[in-house]
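Here are my notes on this model, point by point. Please keep the structure open while reading.

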Amino acid sequence: YIMFSSKLQFTVHKKKSNARAGTILLNDIQVPTPVFIPVGTKASIKWIFLDMIRNPEYLWELEPLMIMLANTFHLHLRPWEWLVHDAWGIQKFMNWPGLVLTDSGGFQVFSLWLNKKATGGMNKKWPIVSVKEEWIKFHSPIDGSKHFMSPEDCLDIQSALWSDIMMVLDVCSPWWSDTRTYKKQMDMTHRRATRQFEHLARHRDEVRGVLFPIVQWGTDHKLRQESIDYLSPYAIDGIAVWGVSVGESRE
């Protein structure tokens with residue numbers, strides 16, 4: 001396993017049963033937890049100014065928010081990660097004083113594939129998606145251009161954005177998948193995680209953020225536990241436990 005020291009500090013202040021209140025400290029920024037992370041897909045939150053989610057006048061008794069999620073897939077396509085990088089990172093780019101968590105883009109590629117499947121492949125405007133061991137291939141929904149993204153590319157893109165908390169490039173399994181498919185795609189995600197952490201180890205001093213492995217696989221508790229066991233040694237700074245895919249029943 002890849003061994004290096006943690007950048008993210010997490011302090012637990014109080015516990016009650018399985019609940020806990022704490023503080024994340026990363027890159028000299030503190031975030032009280034538990035915390036709601038607003039979605040700023042394209043480096044902005046729809047319909048509001050960023051100042052509003054830090055202004056007590058609009059937050060009532062809530063603490064000012066100090067973390068936001070941005071989308072690797074969308075920012076890679078437009079405006080391009082190196083434009084953001086040259087603007088001194090996503091925080092300066094959108095005038096945000098807090099942490100930025102970036103997802104890997106794996107779910108967005110899955111969504112493109114799902115839309116194509118839902119139309120029976122007849123609707124030509126849906127981008128073509130191909131998921132391979134070495135990379136994912138997709139066509140931009142903006143201009144139809146072809147793109148390839150390897151696990152290493154995914155890390156490089158998030159690093160170029162100056163992300164604080166990065167996610168590994170996972171495979172999102174459709175909810176109707178059988179156990180064999182779940183297992184196959186879980187193993188692929190695990191191999192990708194290994195590659196990304198090895199890539200991170202080679203470039204550790206050049207990267208601002210930390211990398212979280214991701215647990216997936218729908219409602220299959222056995223596979224989820226297997227994934228947790230595999231990925232836990234990589235949870236140097238944290239681990240993401242994703243919920244479900246798309247289309248599961250409430251039950």
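1. Glutamate 134 and arginine 195 form a salt bridge, with the closest N and O atoms 3.6 Å apart. Glutamate 134 sits in the loop between strand 6 (129–131) and strand 7 (136–139), and arginine 195 in helix 7, so the pair ties together parts that are 61 residues apart in sequence. Keep in mind that this is a predicted model.

2. Arginine 195 has 18%. The limit for buried is under 20%, so arginine 195 counts as buried.

3. Look at what surrounds arginine 195. Leaving aside neighbours within four places in sequence, arginine 195 is in contact with Glu133, Glu134, Ser150, Pro151 and Glu152. Two of these names return in a network of salt bridges, which links Glu134, Glu152 and Arg195. The structure holds 7 salt bridges.

4. Next, the pair between helices 7 and 8. The side chains of lysine 183 and glutamate 226 meet in a salt bridge, at 2.4 Å from N to O. Lysine 183 belongs to helix 7 and glutamate 226 to helix 8, so this pair ties together parts 43 residues apart in sequence.

5. Lysine 183 is partly exposed at 30% relative accessibility. Glutamate 226 is partly exposed too, at 32%.

6. Leu223 is one of the buried residues of helix 8. The C-alpha atom of lysine 183 is separated by 9.9 Å from that of aspartate 220, and these two residues are 37 apart along the chain.

7. Arginine 204 pairs with aspartate 237, the closest N and O atoms being 4.0 Å apart. Arginine 204 lies in the loop between helix 7 and strand 10 (210–212), and aspartate 237 in the loop between helix 8 and strand 12, so the pair ties together parts 33 residues apart in sequence. Arginine 204 and aspartate 237 are both buried.

8. Now helix 8 itself, residues 221–231. Which of its residues are buried? They are Leu223, Arg224, Ser227 and Leu231. Around the axis they cover an arc of only 105°, which puts them on the same side of helix 8. The face turned away from that buried side carries the exposed residues His221 and Lys222.

9. What covers the buried residues of helix 8? The cover includes helix 7 (179–202), strand 11 (214–215) and strand 12 (240–241). Helix 7 is also where lysine 183 lies.

10. Check the start of helix 8. There, a side-chain oxygen of aspartate 220 reaches to within 3.2 Å of the backbone nitrogen of lysine 222. Lys222 is one of the exposed residues on the face turned away from the buried side.

11. Trp80, Trp82, Leu83 and Phe93 make a nonpolar surface patch of about 410 Å². Leucine 83 belongs to helix 3, residues 81–86. At 43% relative accessibility, leucine 83 counts as partly exposed.

12. Last, the chain overall. The chain has 8 helices and 12 strands. Of its 251 residues, 47% count as buried. Among contacts between residues at least 6 apart in sequence, 66% join residues at least 24 apart. The chain exposes about 14200 Å², and carbon and sulfur atoms supply 55% of that area.

Conventions: Residues are numbered from 1 along each chain as its sequence is written. This is a predicted model: local features need pLDDT of at least 70, side-chain atom pairs count only at pLDDT 80 or more; totals for chains, interfaces and linings use all residues. Side-chain values use heavy atoms; hydrogens and water are left out. Buried means under 20% relative accessible area, exposed over 50%, partly exposed in between (1.4 Å probe, protein chains only). Helices (H or I, at least four residues) and strands (E, at least two) are DSSP runs, numbered from the N terminus. The arc is that of the directions from the helix axis to the C-beta atoms. Contact means heavy atoms within 4.5 Å. A polar contact is a pair of N or O atoms within 3.5 Å; within protein, one must be able to donate a hydrogen and the other to accept it, and residues adjacent in sequence count only if both atoms are side-chain atoms. Patches are made of residues with over 30% relative accessible area and no salt bridge: like charges are joined within 9 Å, nonpolar side chains (Val, Leu, Ile, Met, Phe, Trp, Tyr) within 5 Å. Accessible areas come from the Shrake-Rupley method with a 1.4 Å probe; for residues, only the protein chains shown count as cover.
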